[in-house]
Amino acid sequence: MILNIGAMTAPLNRLLPGQSATISAVDGNGQIRQRMIALGLRHGKRVTVIRRALMNGPIQVRVGTTDLILRRSDAANVRVVTT
Amino acid sequence: MQPTSASLQPDAVKRVALVGMPNTGKSTVFNRLTGAAARIGNWPGITVDVMSATIPLGGEPVEVVDLPGLYDFHGFSEDERVARRFIEDQHVDVLVVILNAAQLDRQLGLALQMRDLGIPTLLVLNMADEARGLGIHIDTAKLAAGLHIPVRLLSAKYGDGFEEAIESITTLLRPHPADEAAQFPCGHQWGPSCKDCCLAQPVRAGEQLDSLIAAAVHTPSSLPEGWTGRLDRVLLHQTLGLPLFFVGMFAGFEVVYRIGTRLQDLLSWVLNAFQAAVLIPAIAGWPRLAHSFVLEGVWGGMSTIVTFLPVVVVFLMFIAIVEDTGYLARAAFLMDGFMARLGLDGRSFVMQLMGFGCNVPAIMSTRVMRSRALRLLTMMVVPFSLCSARLQVFLFLTAAMFSRRAAPLVLFSLYLMSFVVAITTAWLWSGRYRDPEPLMLEMPPYRLPTPKQLLLQAVEEARHFLKAASGFIMAGVIAVWFLTHIPADVPAASPATLAGHLATVMAPVFRPLGIDPLLSVTLLFGLIAKEIVIGALAVIYRTGTTNLAGALAANLNCAAAYSFMLFTLVYTPCLSTIAALRQESRSWRFTLLAMGWSLALAWAVSFAFYQSTRLFG
């Protein structure tokens, strides 16, 4: 079986501003995971990184019509596939 | 019929509960629905403030309850637990689920969870104007058919769609015999025993929702950038963002501070006029002690509370503007990288800045942070902000004690100390108040707040605070009056009074700080409010305020004066701040801990400073 050539899976915190990807999994402990899902970070959703804050601060991402702020350490729990 | 909530049994009145995610304008809906009748309800086991109001709906009194915002009915946050507990334990006739019409793709799941509880439910899609602006079209009929509950579009800010929503609530409040027999997802008929199994239902599968949204909601494939995106490119700019944040905050702060102090001056003028024209003549013939008790104890306490009001209101309004425009989330974004290291988040920093105006509204505004641990840690830190009242004391003392050249540097060093002490406190206590909730916030589009709403909300909050705190503040003022005026046959605040004896007993504690017993009595006055410290010094040194500077310079050396200022900066700010800490934490234990910590820290800082000046000359 030939895998989708060029598709790469990475944690969300690795995406650069302006890059988009599709969420493939949401890991993390129950509470963080549940909150991320409630905020729209669900499997199959398209997510775009808008910008990153200074001092290793949070990232701003767009999912659907919602803009979210999350810390990079939390964003590491979201696995995305770039195509 | 005029409803009076006091005369009715809790369950005799029908109850409507508003639920929804944060940032959906739920409170605006509540305020519009209930007007100014809202009060903080008192329910057993409910740990956060839940507002409620009884209003006439469909010809009968109905209690409307504004439950805390929740993302998920089965969520773990305190707010989510409170909302769930309320619905489980209290009788609710109608649930009104409020969602953001522009974000149905992620919010509709909550409506399903709520509907499955089997309580008659109305879905309200708020911010319909914003959704329309984004080109989002919602087929409410299709949505209602898919969910089996009525759906209404609403714009709570402008009031569009309000009457239709109220009509739907009224309809749902009428008895529905057909619904009683309806089958619910667990397969049972609805009844008291069903509550548990329905409440235990897992989150609905995403697919079912997605297909419903695809059918009923049309979202354009690319959203217009709009002015939010354009503004953010400047305000959240990599290098410009932080400087703009500081400039903006200090400019806003300056304006608010000026307005606040103007209003405060005006109020004290009115109070003084009343005191001179009415109060003093009225108690003219009274014995000296009673005269002093009424004038300096009771009336003094009342004026402290009243003159405080305008500052609290304007600062609360300013914070509300920062929050309602959507900038608070941006400030959090900008500052979080630094604050996260201290166990706080970006919003705490905004509250700490607010504290430089007045600690009380800053502490009250920690409510926007919904995690209790984070709130407590922020409340621990805010009182170290050098507020405007303390600034008055420092301005006077630095001018009296230091050269014109040194005075600004001394003042600057105190501001620096304020930050150092705050950061140290956050760092030391972050282990105890560890925030279990991840920082995940929605960054809402910029919105223009409505001034009327802002003012009403600020006045309402200030009123709630004063109602809860004025008794405590009065008691404190009267206690200090007793200490400084008993026994009656000696001069007030002199060494022969109770306060004087206390100062003598405490002398070994304060002597290593360079603070003599006379000055330590001033610290007792400073507990009431820092504004009265200068006046107290004038009384204690038996000079008028005009000669006070000279008297201080003659009695104190620079090291002792600076040590006194350090202590004043760090120790318990004032009775109102203590009251705010108590009210917002709902815990005397925490309040006493915060007070004890600031006292201990004040002592340590002053001790370290004074002793090192003695060592190094």
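User: Two strands pair if DSSP finds at least two bridges between them. So what stands opposite A:Thr22?

Analyst: A:Val81, in strand 6 of chain A. The model is predicted: local features need pLDDT of at least 70 and side-chain atom pairs count only at pLDDT 80 or more, while totals for chains, interfaces and linings use all residues. Residues are numbered from 1 along each chain as its sequence is written, with chains lettered from A and ligands numbered from 1 in the order in which they are written.

User: And which strands are those?

Analyst: Strand 2 (residues 20-26) and strand 6 (residues 78-82) of chain A, antiparallel over 4 bridges. Strands (E, at least two residues) and helices (H or I, at least four) are DSSP runs, numbered from the N terminus.

User: What order do the strands of the open sheet take?

Analyst: 1(A)-6(A)-2(A)-3(A)-4(A)-5(A)-10(B). That is 7 strands, with antiparallel pairing. Strand 1 (8-11) of chain A and strand 10 (440-442) of chain B are the edges, each pairing on one side only. From one strand to the next, the twist averages 40°. Angles run from 0 to 180 degrees between N-to-C directions, and axes are lines fitted to C-alpha atoms, for helices over the stretch in contact.

User: How many bridges tie strand 5 of chain A to strand 10 of chain B?

Analyst: 3, and the strands run antiparallel. A:Leu68 sits opposite B:Glu442 there.

User: Now the hairpins. How many residues separate strand 3 from strand 4 of chain A?

Analyst: There are 6, and A:Met55 in that turn has a positive phi of about 55°. Strand 3 (residues 46-52) pairs with strand 4 of chain A over 5 bridges, antiparallel. A:Thr48 faces A:Arg62 across that pairing. The hairpin of strand 4 and strand 5 of chain A has 2 residues between the strands, and A:Gly64 takes a positive phi near 60°. A:Val63 has A:Thr66 as its bridge partner in strand 5.

User: Why call strand 4 of chain A largely enclosed?

Analyst: Because 4 of its 5 residues are buried. Buried means 20 or more other C-beta atoms within 10 Å of a residue's own; 12 or fewer is exposed, in between is partly exposed, and C-beta atoms are placed from the backbone.

User: Which helices lie across the sheet?

Analyst: Helix 1 (residues 30-38) of chain A lies across strand 2 and strand 6 of chain A and strand 10 of chain B, at about 140° to strand 2. Helix 13 (residues 327-339) of chain B lies across strand 4 (59-63) and strand 5 (66-70) of chain A plus strand 10 of chain B, at about 35° to strand 5.

User: How many residues are in contact between chain A and chain B?

Analyst: 26 of chain A with 29 of chain B. Contact means backbone-placed C-beta atoms within 7 Å. Helix 1 gives the largest share of the chain A side, 6 residues. That side divides into 11 nonpolar, 9 polar and 6 charged. Ala, Val, Leu, Ile, Met, Phe, Trp, Tyr, Cys and Pro count as nonpolar, Asp, Glu, Lys and Arg as charged, and the others, Gly among them, as polar.

User: Switching to chain B. At what angle do helix 17 and helix 18 of chain B pack?

Analyst: About 145°, with axes 9 Å apart. Helix 17 covers residues 388-401 and helix 18 covers residues 406-429. B:Phe394, B:Thr398 and B:Ala399 of helix 17 meet B:Ala407, B:Val410, B:Leu411 and B:Leu414 of helix 18. By class, that contact has 6 nonpolar, 1 polar and no charged residues.

User: Which residues touch the most other members of the largest nonpolar core?

Analyst: B:Val97 and B:Leu99, out of 196 residues. Such a core is a set of buried Ala, Val, Leu, Ile, Met, Phe, Trp, Tyr and Cys residues joined through C-beta atoms within 7 Å. Helix 12 (residues 288-324) of chain B gives the most, with 14 residues.

User: Is B:Thr307 buried or partly exposed?

Analyst: Partly exposed, because it has 19 C-beta neighbours inside 10 Å. B:Thr307 lies in helix 12 of chain B. Leaving out residues up to four places away in sequence, B:Thr307 touches B:Gln264, B:Leu267, B:Ser268 and B:Leu271.

Key
Contact = placed C-beta atoms within 7 Å.
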